[in-house]
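Here are my notes on the structure, point by point. Please keep the model open while you read.

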Amino acid sequence: MQAAIIVFPGSNREQDVFDALHRATGKKPLKAWHRDSDFPKSDLIVIPGGFSYGDYLRCGAMAAHSPIMRAVKERAAKGVPVLGICNGFQIITEAGLLPGALLTNQTLKFHCKDVHLKVETSQSIFTRGYNAGQVIRVPVAHHDGNYFADAATLDRLEGEGRVAFRYCSEAGELDTASNSNGSVRNIAGVLNETKTVLGLMPHPEDATDPLLGSTDGQGFFAGLVEALA
Amino acid sequence: MKLDQAGLEEAQKHGLSAEEYARARSIMGRSPNHTELGIFSVMWSEHCSYKSSKVWLKKLPTTGKRVICGPGENAGVIDIGDGEAAIFKMESHNHPSFIEPYQGAATGVGGILRDVFTMGARPIANLNALRFGSPDHPKTRHLVAGVVKGIGGYGNCVGVPTVGGECEFHPSYNGNILVNAMTVGLARSDRIFYSAAAGPGNPVIYVGAKTGRDGIHGATMASAEFSADNESKRPTVQVGDPFTEKLLIEACLELMAEDAIVAIQDMGAAGLTSSSVEMAGKGGLGLELDLSQVPVREEKMTAYEIMLSESQERMLMILKPERENLARRIFEKWELDFAVIGRVTDTGRLVLKMGNTVEADMPVGPLVTEAPLYERPWTPSPTLPDLKTQDIEARDPIAALKTLIGCPHLASKRWIWEQYDHLVMGHTVQRPGGDAAVVRIPGRKKALALATDCTPRYCAADPKRGGMQAVAESWRNLTAVGALPLAITDNMNFGNPERPEIMGQFALCIEGMREACLALDYPVVSGNVSLYNETNGSGILPTPAIGGVGLIDDAAKSVGLALKRPGETIMLIGETKGHLGQSLYLREVLGREEGSPPPVDLAAERKNGDFLRGQIVAGAVSACHDLSDGGLLVALAEMAMAGGTGAAIVVPAGIPTHGFLFGEDQARYLIACADPKKLSAAAKAAGVATLTLGQSGGDSLTIKDIGAISVRELRRINEAWLPDYMATR
């Protein structure tokens, strides 16, 4: 599996996801600079975390309108899988690849900590490495991860099995205490109609190395490799 | 020369004394003009010249077999093996952070990052040592909120993990908070970049952000006492742009991979002035700059303003001439300003022009070498009595423990470090909340252990002992995770050096630090001095903050403080005398700040630490915590809370219980281990005192015949204070 990581000025978790993909695939991902709209073909496009263009405007808003995102959208339309993590989720949401928006955390503060996620579906290339209902522990690190969409959209997402992850307690309860950024219906990650585009706020890439506290993110990348190899 | 009364008055407005102005005139052979006077004033400010502290700083040991570059450059450099070097420094941004906490703290982080990547290192970790006034003081909450948000706002955006630090509260910081930021970077040891200019004719390049009118005279402000009108100083605080900093890091590191840079220096305090003077001074050369070529973001900026601006995210470089185009392409890729603003000359003079008009022409050498140096008078601090443990009131230990772990000093600082991205880059092995953070070196098994330490109340009570203790505790914290401590950076925060008692604190802290550094093979490789931390004549507790860096060959062998497994033996390493003078028990439980601080036996520190480190690396220790503020019972509670596992211990006979549980004797650690017999035997052979206290397990902390408290209750108390305090309006 060959992955391409899109690097914007201000991206800062590109190396984390590079390392995780490298560990999972044995192959170094490509890095595509934001001006490189005709970057090489790949089996997976990753938009990593960070502060693209500084995010001085709404998070992800500038990057969503960059020329390379036009190329990403074209490829996504042809079925090339796209993964947006953290700032990547904000960018692909702003770019219209996924419904909804990421608002400022309800605490108005940046959160960096481990959270528990309930895997809502195993029916996607991103989540097939897990069982539906499985609880995993991965870190979050964001200031604007408060997912919002209107009720009709949320009902549709849920009806179509497009909610990939929800914040939960260690025991798997979908309580408010575990949902500190305030996301509607505890949603941490969503899929597009074809389930080939995933956006999520947490960082499975930072939970793939036993030394760093959790390996629960390994299933994420192992599943992707299985699906796309 | 004739007295120039008008000139003298202007010089005094610039913070120069009559004697300093006379010296400036004699160097110039005339009265300096406005721009030149501005340059003298910042170069000779306390902040830039270290004029009060230099004679004392010289006493600190700065060499060692690991030291590649000691103090004097942008940051210190040590060898960590495999052709790699750790580059690090800690620096204060105290005054700006008090005036405008968000921007003051943010730009403090930005400045220290630049000091480190200027030398060719990729920053891999940030830490910060914060000291605020009393929680009851009306400004404290606002300052905590702003400083923490500023540090996070900058560090999170540039993508460097903020992995550790400390935070405490004391009324002496009511009008003068301390914000000390530390950055650690990683470089190839054969690719370190220095700041000495070389090669007359080489181009002088300005890169980074544009210059504005912000921060003019920041260095001078940081070199004077505060007074009630400090709010009006807000325009001297700079504004940070972490996005530009991130681009600057990437662009500089990309250029540094090429063979293009002769010298490089960041524009920190005193901006273009100090960077150009230092580069020329270190190279023994001159510079001729055309200030009309400096990228500016405001109209009609004068030479004076351009030279004194402290706009952030800027660097000055001297390039090999044939590499100019390559460098320009790299900076254009990163969309940063790149301007050739002058040439290196062999005249030894700093010549500043605006187009064809000469705005300043001054000799560089004397500006640096003839900077004033003061041996300020000092008086030793009064000696405080040793308090007898048996004379100090004993309270119920469980109630005292609850008071201590819920007091502002010891309450969990999770509210702070969860606002910092401490995981980005993917190498944080030991996260904030322990004795030291552990950050793995990318692509290697080895890791750096990092911590900041100081116990200001000890330094106030006995500066020499306090200075010694700060270094010893830093060494102990790195040892407690299994690392070999290699070197330190020091951030000396003190009051007004013109007062002999303050100068005495400074001198004696240095003396204590010197002894500890020598005994522990722990040299000082970089540092920063922040004086005049006073408001309306009232000084802070002397605070020599120590930033320590250690190395562990295999990150997987590092241990944390969390008690995770039941059935392990809890063992105390080191001797306990029950010293309660200046302890937190005395202050927080009995409301007394009295007595002498605990003595520091450096030989015992060394022996105990070296022994323990060996045991950790050999895999014989499953959890370890150094004993410091609050003593043994607090440490045990912290271990239980971190791992969610309780413990049951017995207090030995022959020592007052409160002294045993809350005494702050030094050179001690608490460990959990699976094979206590083997470990005690090894300790005995090494001449290290150990004491078996009990076993881990259960969900409570139990002290035989005294009482118990559940780990859940401990956590509730420990976690509540800071979020509750910050939520109060």
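1. Helix α25(B) has a buried side: B:Val711, B:Leu714, B:Ile717, B:Asn718 and B:Trp721 are buried. Buried means 20 or more other C-beta atoms within 10 Å of the residue's own; exposed means 12 or fewer, partly exposed is in between, and C-beta atoms are placed from the backbone. This is a predicted model: local features need pLDDT of at least 70, side-chain atom pairs count only at pLDDT 80 or more, and totals for chains, interfaces and linings use all residues. Residues are numbered from 1 along each chain as its sequence is written, while chains are lettered from A and ligands numbered from 1 in the order in which they are written.

2. The buried residues of α25(B) pack against α15 (397–405), α22, β27 (700–703) and β28 (707–710) of chain B. Contact means that two C-beta atoms, placed from the backbone, lie within 7 Å. Helices (H or I, at least four residues) and strands (E, at least two) are DSSP runs, numbered from the N terminus.

3. Take α22 (residues 631–643) and α25 (residues 711–727) of chain B: their axes come within 9 Å and cross at roughly 100°. The two helices are therefore roughly perpendicular. (Angles under 35 degrees count as roughly parallel, over 145 as roughly antiparallel, 65 to 115 as roughly perpendicular and the rest as oblique.) B:Ala637, B:Ala640 and B:Met641 of α22(B) meet B:Val711, B:Leu714, B:Arg715 and B:Asn718 of α25(B).

4. α25(B) bends by about 35° at B:Ala720, and B:Pro723, a proline, follows within four residues. The bend is the angle between axes fitted to the seven residues ending at a residue and the seven starting there.

5. Helices α7 (residues 101–117) and α10 (residues 242–256) of chain B pack at about 0°, with axes 11 Å apart. That makes α7(B) roughly parallel to α10(B). B:Gly110, B:Leu113 and B:Phe117 of α7(B) meet residues of α10(B), including B:Ile249 and B:Leu253.

6. B:Leu572 sits in strand β22 (residues 569–573) of chain B. B:Leu572 is buried, with 22 other C-beta atoms within 10 Å. B:Thr690 is 118 residues from B:Leu572 in sequence, but their C-alpha atoms are 5.4 Å apart. Not counting residues up to four places away in sequence, B:Leu572 touches B:Leu632, B:Arg668, B:Leu670, B:Thr690, B:Leu691 and B:Leu693.

7. Finally, the chain contact: 21 residues come from chain A and 23 residues from chain B. On chain A, α1 (14–25), β6 (111–119) and β7 (135–142) each supply at least two residues of the side that touches chain B.

Methods: Axes are lines fitted to C-alpha atoms, for helices over the stretch in contact, and angles run from 0 to 180 degrees between N-to-C directions.
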